[in-house]
Amino acid sequence: SDMSKERRVLQYVLQTASRGDPDSVLAAVDKYGREKEWNMSVGDEKGAILDRFVKERAPQTMLELGTYMGYSAVRMVRLLPQGAKFITVEVNQDNAAVAKEIIAFAGLQDRIIQVLAETAEVIPQLKSKFNVESFDMVFIDHWKDFYLRDIKLLEQNKLLRKGTVVVADNIIFPGAPDYADYVRTCGKYESTFHEGKINGKKPDGMEKSVYRG
Ligand SMILES: O=C(c1ccccc1)c1ccc(O)c(O)c1[N+](=O)[O-]
Ligand SMILES: [Mg+2]
């Protein structure tokens with residue numbers, strides 16, 4: 001069968017970006033998405049907001065739910081201090097394989113732990129399997145109807161602590177209304193919405209929720 005869209009993006013990155021240069025990798029994914037085929041990476045507008053959150057929090061431990069092609073993993077790890085621990089979880093084998101190549105091309109393979117699993121399965125194992133006490137920051141960007149289930153799993157497994165910053169993509173499109181309602185009204189988070197368009201046109205945004213501990 002012919003190449004998947006994700007493989008076409010990878011080929012474009014390998015042919016046009018500079019090895020070991022994360023910014024050129026991000027620019028290539030964004031350019032391909034703008035000029036050729038849209039892809040569901042967080043992109044440059046919401047990505048710039050994410051950059052600011054990462055710089056402000058400077059997390060030593062970070063978790064991402066939903067690697068996809070590795071765009072947001074590259075985006076965030078490029079801003080982390082060298083010793084930081086970054087774990088990203090993806091259930092789709094083909095996309096995880098593309099992400100592995102994009103992350104390696106960006107030169108960040110030694111700073112990213114990729115896990116191929118369902119998030120509900122791996123969240124309860126993170127402390128034991130990956131020697132994590134708790135996360136300073138979490139980025140949620142996988143299936144929208146799993147957001148609420150998984151933030152509750154993170155709470156129950158004591159993986160959040162006072163000041164943990166939880167950022168969730170796609171609050172408007174495709175939307176995660178039950179998640180947004182929960183973080184805004186349960187009393188455990190200081191939650192704010194940050195508007196950011198998809199591909200410069202489609203209204204969307206991310207929710208930033210700081211755990212009160
Ligand atoms: O689900 C979609 C989707 C829905 C409909 C059509 C295309 C993609 C999507 C859209 C934008 C995202 O940022 C994103 O993370 C996702 N996703 O799959 O997780
Ligand atoms: Mg998304």
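Which residues are exposed on the other side of H10? Pro177 and Thr185 are, and point 3 comes back to them.

1. Ground rules. This is a predicted model, where local features need pLDDT of at least 70, side-chain atom pairs count only at pLDDT 80 or more, and totals for chains, interfaces and linings use all residues. Residues are numbered from 1 along each chain as its sequence is written, chains are lettered from A and ligands numbered from 1 in the order in which they are written, and side-chain values use heavy atoms, with hydrogens and water left out. Helices (H or I, at least four residues) and strands (E, at least two) are DSSP runs, numbered from the N terminus.

2. The cores. A nonpolar core here is a set of buried Ala, Val, Leu, Ile, Met, Phe, Trp, Tyr and Cys residues joined through side-chain atoms within 4.5 Å. Buried is under 20% relative accessible area, exposed is over 50%, and partly exposed is in between (1.4 Å probe, protein chains only). The largest core has 39 residues, and Val13, Phe86, Phe139, Val167 and Met206 touch the most other members. At least two residues of this core come from each of H1 (5-16), H2 (22-35), H3 (43-57), H4 (71-77), H5 (93-105), E4 (135-140) and E5 (160-168). A second, separate core holds 31 residues, including Val122, Tyr147, Tyr179 and Ala180. Back in the largest one, take Phe139: not counting residues up to four places away in sequence, its contacts (heavy atoms within 4.5 Å) include Val42, Leu50, Met62, Val167, Asp169 and Met206.

3. Helix H10. Residues 177-185 form H10, and its buried residues are Tyr179, Ala180, Tyr182 and Val183. They sit on the same side of H10 because they cover an arc of only 165 degrees around the axis, taken from the directions from the helix axis to the C-beta atoms. Just after H10, Gly187 has a positive phi of about 90 degrees.

4. Tyr182, a member of H10. Tyr182 is buried at a relative accessible area of 13%. Leaving aside neighbours within four places in sequence, Tyr182 is in contact with Leu148, Ile151, Lys152, Glu155, Lys188 and Tyr189. Ile172 is 10 residues apart from Tyr182 in sequence, and 15 Å apart C-alpha to C-alpha.

5. Helix H5. With 13 residues, H5 reaches 18 Å from its first C-alpha to its last, close to the 18 Å expected at 1.5 Å a residue; the expected span is 1.5 Å times one less than the number of residues. Asn95, Ala96, Val98, Ala99, Ile102, Ile103 and Phe105 are buried in H5, and the buried residues pack against H1, H2, H4, E2 (85-90) and E3 (112-116). At the N-terminal end, Asn92 is the cap, with a side-chain oxygen 3.0 Å from the backbone nitrogen of Asp94. Just after H5, Gly107 takes a positive phi of about 80 degrees.

6. The magnesium site. Asp141 (OD), Asp169 (OD) and Asn170 (OD1) coordinate the magnesium ion (ligand 2) at 2.0 to 2.2 Å. Donors are N, O and S atoms within 2.8 Å of the metal (3.2 Å for Na, K and Ca), and water is not among the atoms, so sites may look incomplete. The donor residues are spaced D-x27-D-N in sequence. Asp169 is buried at 0% relative accessibility, and Asn170 is buried with a relative accessible area of 7%.

7. Glu207, in E7, is buried with a relative accessible area of 1%. The Glu207 side chain makes polar contacts with the side chains of Arg184 (2.6 Å) and Ser191 (2.7 Å). Arg161, in E5, is partly exposed at 35% relative accessibility. The side chains of Arg161 and Asp136 are joined by a polar contact of 2.6 Å.

Definitions and conventions: A polar contact is a pair of N or O atoms within 3.5 Å; within protein, one must be able to donate a hydrogen and the other to accept it, and residues adjacent in sequence count only if both atoms are side-chain atoms.
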